[in-house]
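Please open the model in your viewer and display both the backbone and the side chains.

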Amino acid sequence: MGFLSNWFKSSESSSDIAKSRLKLAITSDRAVCSPELMEQMKNDIIKVISKYVDIDTKGLDIKVTRTELDDESGTVNAVLASIPIKDKRPFRG
Amino acid sequence: MGEVIVITSGKGGVGKTTSTANIGTGMAMMGKKVALIDTDIGLRNLDVVMGLENRIVYNLVDVVENNCRIKQALIKDKRYPNLYLLPSAQTKDKTAVTPEQMKKLTSELRNEFDYILLDCPAGIEQGFKNAIAGADRALVVTTPEVSAVRDADRIIGLLEANDINKTHLIVNRLRADMVKEGNMMSSDDVVEILAIDLIGIVPDDEHIVISANNGEPLAGSDCQAGQAYMNISKRILGENVPYLDLEVTKTFFQRFASIFKR
């Protein structure tokens, strides 16, 4: 019976689940500002960028995390933003 | 000038005290003069793990309050004459010592010892701040469990914020069989998440319990945990030691049984 139930289980092992849950938890632990502040900043960033290009607010991802410096001299807190643009050729002038 | 190393973890019960006792013993076995300081005021543990609980006269609080000289409070180890313990106070509360007093104490001990190991209490409050105050470097102990790893990440952030930039990771209580089955994060997984350098992997070993029962650290002994701790001590002293092969070799019967245990 044991190996049968194993057969039907999802392929993801419990250590994989632990790893991905941890990564998420730690990312939010490392965030330096409160969720409300994050939301405000996010809205302001959207406002400013929308002046220039049409952005996809659904696919938008802005977070504050600890990141390794390029020259490996240490870590800093950094705002990482991924903001998809709807227009295929945005800067036509 | 001696080096001051804090052993910390955030979460309790992951093996800080055991690691402090064994790494210190390992260093002493290699001829270094070592002082172990139990900084967990109110909950002293390192003395029983070292088997020195019956020899305590003065403690850490007595030293910082100038009730005695440092030398009077330091207890010589049973087996290694170059290993000493400064026990914590059992009765006082954790506000009895300040970070400034800890800095002063460790700076005085630097002249006498090659290494000063500080066994840090769990948590991130006063006791943690005291323990890291005088430290040059840190060893962060974790087990491959979500709660312990998450707390370790918090601790690493706090160490950085306090300008302790030489921080290494010890993954404790690893079970190679569970890692192999995909039911425990590997040391590589933990290193990937925490993004700091590894200095040791200690397997889950019942000899650790026995050694604590007897009050005799097992660094250097024949078992896997004893070897793992000795290797950590050597790495701290700058030796390049390869990691142990923790692969468990199952007997035919165990393999057969494990098929049915699923």
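The stops that follow concern loop residues in a predicted model.

Begin in chain A by selecting A:Asp71, which is located in the loop that joins β1 (61-68) to β2 (75-82). Its relative accessibility is 58%, and A:Asp71 is therefore classed as exposed, the cut-off for that class being over 50%.

Next, move to chain B and select B:Asp136, in the loop between α6 (126-133) and β6 (137-142). With a relative accessible area of 32%, B:Asp136 is partly exposed. Although 133 residues separate B:Glu3 from B:Asp136 along the chain, their C-alpha atoms are 6.6 Å apart. Leaving aside residues up to four places away in sequence, the contacts of B:Asp136 are B:Gly2, B:Glu3, B:Val4, B:Arg110, B:Ile164 and B:Lys166.

The last two stops concern backbone geometry. Most residues other than glycine have a negative phi. Select B:Asn66, in the loop between α3 (60-64) and α4 (70-73) of chain B; this residue, not a glycine, has a positive phi of about 60°. B:Asn66 is exposed, at 62% relative accessibility.

Finally, select B:Asp163, which lies in the loop leading from α7 (146-161) to β7 (166-174) in chain B. Here too the phi is positive, about 60°, in a residue that is not a glycine. B:Asp163 has a relative accessible area of 63% and counts as exposed.

Terms used. Residues numbered from 1 in each chain as written. Chains lettered and ligands numbered in written order. Predicted model: local features only at pLDDT ≥ 70, side-chain atom pairs only at ≥ 80, totals over all residues. Heavy atoms only, no water. Helix = DSSP H or I, 4+ residues; strand = E, 2+ residues; numbered from the N terminus. Buried < 20%, exposed > 50% of the residue type's maximum accessible area, 1.4 Å probe, protein only. Contact = heavy atoms within 4.5 Å.
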